[in-house]
Amino acid sequence: MTDADLRWMGRALTMACEAAAHHEVPVGAVVVAPDGTAFEEWNRTRELADPTAHAETLAIRRAAAHQGDWRLVGHTLYVTLEPCTMCAGAIVLSRVERLVFGAHDPKAGMCGSLGNLVQDDRLNHRVELFSGVRADEASALLKSFFADRR
């Protein structure tokens with residue numbers, strides 16, 4: 001983990017706050033290209049009425065569209081919550097090089113909690129993985145959001 005990882009996770013946390021402001025589950029993601037170009041998103045499942053509109057998938061889509069290629073070789077994805085099965089699959093399929101996430105998700109996380117899809121030896125691509133980066137902040141956002149909904 002680097003100072004840049006902490007800074008980019010800060011941007012992902014800002015995106016998570018945007019999600020909460022839009023009454024979405026507060027998860028934010030940032031894909032950073034090798035040249036430093038960043039693609040930021042937050043969860044938009046309610047807004048778009050799309051169960052696949054997780055922050056990670058939206059940021060991956062934006063990065064791929066920008067570069068005109070589905071392969072995100074050399075890119076790093078920062079996300080405030082451990083990716084689910086769908087997002088972990090998208091990370092592998094898009095060839096993201098590095099994944100940095102904040103809070104673990106013991107109920108749905110597939111990057112260490114329930115399994116580890118992004119580093120499964122049976123797949124043709126494995127991702128460099130860093131977890132727990134600014135996890136306390138990410139967890140606090142999620143806990144506050146769900147406490148307010150109860």
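This is a predicted model: local features need pLDDT of at least 70, side-chain atom pairs count only at pLDDT 80 or more; totals for chains, interfaces and linings use all residues.
Is Phe 146 buried, exposed or partly exposed?

Let's begin with the two helices at the ends of my story. Two packed helices are described by the angle between their axes and the distance between the axes. Here, helix α1, residues 3-21, packs against helix α5, residues 135-149, at an angle of about 5 degrees, and their axes lie 10 Å apart. Angles under 35 degrees count as roughly parallel, and α1 and α5 are therefore roughly parallel to each other. Which residues meet there? From α1 we have Leu 13, Ala 16, Cys 17 and Ala 20, and from α5 they meet Glu 137, Ala 138, Leu 141 and Phe 145. Sorted by class, that contact has 7 nonpolar residues, no polar ones and 1 charged residue.

Phe 145 brings me back to the opening question. The structure holds 1 aromatic pair. Its members are Phe 145 and Phe 146, with ring centres 5.1 Å apart and planes at 80 degrees, so the pair is edge-to-face. Now the answer: Phe 146 counts as partly exposed because its relative accessibility is 33%. Phe 145, on the other hand, is buried, at a relative accessible area of 12%.

The largest nonpolar core has 35 residues, and the members that touch the most others are Val 31, Leu 72, Leu 77, Tyr 78, Ile 91, Leu 99 and Val 118. Who contributes to this core? At least two residues come from each of α1, β1 (28-32), α3 (55-67), β3 (76-81), α4 (85-93), β4 (98-103) and α5. The most come from α3, which gives 5 residues.

Leaving out residues up to four places away in sequence, Leu 77 touches Ala 29, Val 30 and Val 31, then Glu 56 and Ile 60, then Ile 91 and Val 96, and finally Arg 98, Leu 99 and Val 100.

Next, helix α4. Its buried residues are Cys 87, Ala 88, Gly 89, Ile 91 and Val 92. And what covers them? The cover includes α3, β3 and β4.

Thr 57 is buried, with a relative accessible area of 7%. Setting aside neighbours within four places in sequence, its contacts are Thr 52, Met 86, Cys 87 and Ala 90. Cys 87, you'll remember, was one of the buried residues of α4.

Which residue just after α4 takes a positive phi? That is Arg 95, at about 65 degrees, although Arg 95 is not a glycine. It sits in the loop between α4 and β4, and at 21% relative accessibility it counts as partly exposed. Since buried means under 20%, you can see where the line falls.

Ala 49 is also not a glycine, and has a positive phi of about 50 degrees. You'll find Ala 49 in the loop between α2 (45-48) and α3. Ala 49 is exposed, with a relative accessible area of 69%.

Terms used: Residues are numbered from 1 along each chain as its sequence is written. Side-chain values use heavy atoms; hydrogens and water are left out. Axes are lines fitted to C-alpha atoms, for helices over the stretch in contact, and angles run from 0 to 180 degrees between N-to-C directions. Helices (H or I, at least four residues) and strands (E, at least two) are DSSP runs, numbered from the N terminus. Angles under 35 degrees count as roughly parallel, over 145 as roughly antiparallel, 65 to 115 as roughly perpendicular and the rest as oblique. Contact means heavy atoms within 4.5 Å. Ala, Val, Leu, Ile, Met, Phe, Trp, Tyr, Cys and Pro count as nonpolar, Asp, Glu, Lys and Arg as charged, and the others, Gly among them, as polar. A nonpolar core is a set of buried Ala, Val, Leu, Ile, Met, Phe, Trp, Tyr and Cys residues joined through side-chain atoms within 4.5 Å. Buried means under 20% relative accessible area, exposed over 50%, partly exposed in between (1.4 Å probe, protein chains only). Rings of Phe, Tyr and Trp (its six-membered ring) pair if their centres lie within 6.5 Å; planes under 30 degrees apart count as stacked, over 60 as edge-to-face and the rest as tilted.
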